[in-house]
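Look through the structure below before reading on. The notes that follow are grouped by topic.

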Amino acid sequence: VKSSLIARYASSFGSGKVLLAMICKSSPMNSAGVLRPSSDLLARELTLTRPSSAMNYFVTGGTGFIGRFLVPKLLDRGGVVYLLIRPESLGKLDGLRDLWGASKDQVVAVEGDLGKTRLGVKPAWVKAHAGKIDHFFHLAAIYDMRADAESQRVSNVNGTKQALALA
C-alpha cells in the first residue's frame, strides 16, 4: 500500500471547519499490528474555512509533531494560541514562533506539566483567562514505545484527566 489513511480528526469551529488527516506513505506495523512512528507520517490539511471572528486556543503538545502543524492553522484564524510548555522546553518556543511567523502576543507560553494537578497551570492564570479560551486541544502525550508503563500512565492517562480538569 503506497498510502494509507491512519487517523482522521474533524471538528467544527464556529462557522469554520478544520479536517486534518495523517497519511503514512507506508504502514510500518510492529508484530502486534500497531503502527510504529515513522518519518513518513505527514499531516495534511484537507479543508479550512475561516470563522467570522477570531478565537483563542489552549494547546497541549503544541511543540510536538501534530502541534507543529495545528498551531499555524490556528494562527491563520486569528486570536491567541496559548501553549502549555514545560519550563525546560521554553527555549524551543522562540524558534517555533519564528517558523510560524508569530509574535509573543500571538503564541503565549503557559508553564505547566502533564503530571501535575490541572496540568500545573497556576490558579492566577486560570482565573485571569476563565471564559476567554474558545477551544482546548489536548495533544500532549508520550508516544515513545520504549517508555516505561508508569511514565506512559502519568502522561497519557493522568495527563488527559488533568487536561479535562483544567478545561
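This briefing goes from the whole chain to its sheet, its helices and its charged pairs.

The model is predicted. The protein chain has four helices and seven strands, and from the N terminus on they follow the order β-β-β-β-α-β-α-β-α-β-α.

**The chain as a whole**

- Of the 167 residues in the protein chain, 33% are buried.
- The accessible surface of the protein chain is about 9,800 Å², and carbon and sulfur atoms hold 54% of it.
- Among contacts in the protein chain with a separation of 6 or more, 62% are between residues 24 or more positions apart.

**The four-stranded sheet**

- Strands of a sheet pair through backbone hydrogen bonds, and the pairing is either parallel or antiparallel.
- Here four strands form an open sheet in the order β6-β5-β4-β7, and their pairing is parallel.
- β6 (107–111) and β7 (135–138) are at the edges with a single partner strand each, so one side of each has no neighbour in the sheet.
- On average, neighbouring strands of this sheet are turned by 20° against each other, with direction ignored.
- β5 and β6 run parallel and are joined by five bridges; Leu 83 stands opposite Ala 109 in β6.

- Is β5 buried or exposed? Five of its five residues are buried, so β5 is largely enclosed by the rest of the structure.
- Val 81, Leu 83 and Ile 85 are buried on one side of β5, while Tyr 82 and Leu 84 are buried on the other, and both faces of the strand are covered.
- The path from β4 through α1 to β5 is a right-handed β-α-β crossover.
- A right-handed β-α-β unit is also made by β5, α2 and β6.

**Helices**

- Helix α1 (residues 65–76) lies across β4, β5 (81–85), β6 and β7, and runs at about 155° to β5.
- Helix α2 (residues 90–100) lies across β5 and β6, and runs at about 165° to β6.
- Helix α3 (residues 123–129) contains Val 126.
- Leaving aside residues up to four places away in sequence, Val 126 touches Arg 118, Val 121 and Leu 166.
- Val 126 and Leu 166 are 40 residues apart along the chain, yet their C-alpha atoms are separated by 8.1 Å.

**Salt bridges**

- Side chains of opposite charge can pair when their charged atoms come close.
- How many salt bridges are counted? The count comes to four.
- One of them joins Glu 88 and Arg 86, whose closest N and O atoms are 3.1 Å apart.
- Glu 88 has a relative accessible area of 61%, over the 50% cut-off, so it is exposed.
- Arg 86, at 40% relative accessibility, is partly exposed.
- Asp 144 and Arg 146 meet through their side chains in a salt bridge of 3.2 Å, N to O.
- Asp 144 is partly exposed at 35% relative accessibility, whereas Arg 146 is exposed at 75%.
- Glu 150 forms a salt bridge with Arg 153, with 2.7 Å between the closest N and O atoms.
- Glu 150 and Arg 153 both belong to helix α4 (residues 149–166), where they are three residues apart, about one turn of the helix.
- Glu 150 is partly exposed with a relative accessible area of 44%, and Arg 153 is partly exposed with 41%.

How values were computed: Residues are numbered from 1 along each chain as its sequence is written. This is a predicted model: local features need pLDDT of at least 70, side-chain atom pairs count only at pLDDT 80 or more; totals for chains, interfaces and linings use all residues. Side-chain values use heavy atoms; hydrogens and water are left out. Two strands pair if DSSP finds at least two bridges between them. Helices (H or I, at least four residues) and strands (E, at least two) are DSSP runs, numbered from the N terminus. Axes are lines fitted to C-alpha atoms, for helices over the stretch in contact, and angles run from 0 to 180 degrees between N-to-C directions. Contact means heavy atoms within 4.5 Å. Buried means under 20% relative accessible area, exposed over 50%, partly exposed in between (1.4 Å probe, protein chains only). A crossover is right-handed if, with the strands pointing away from the viewer, the path from the first strand over the helix to the second runs clockwise. Accessible areas come from the Shrake-Rupley method with a 1.4 Å probe; for residues, only the protein chains shown count as cover.
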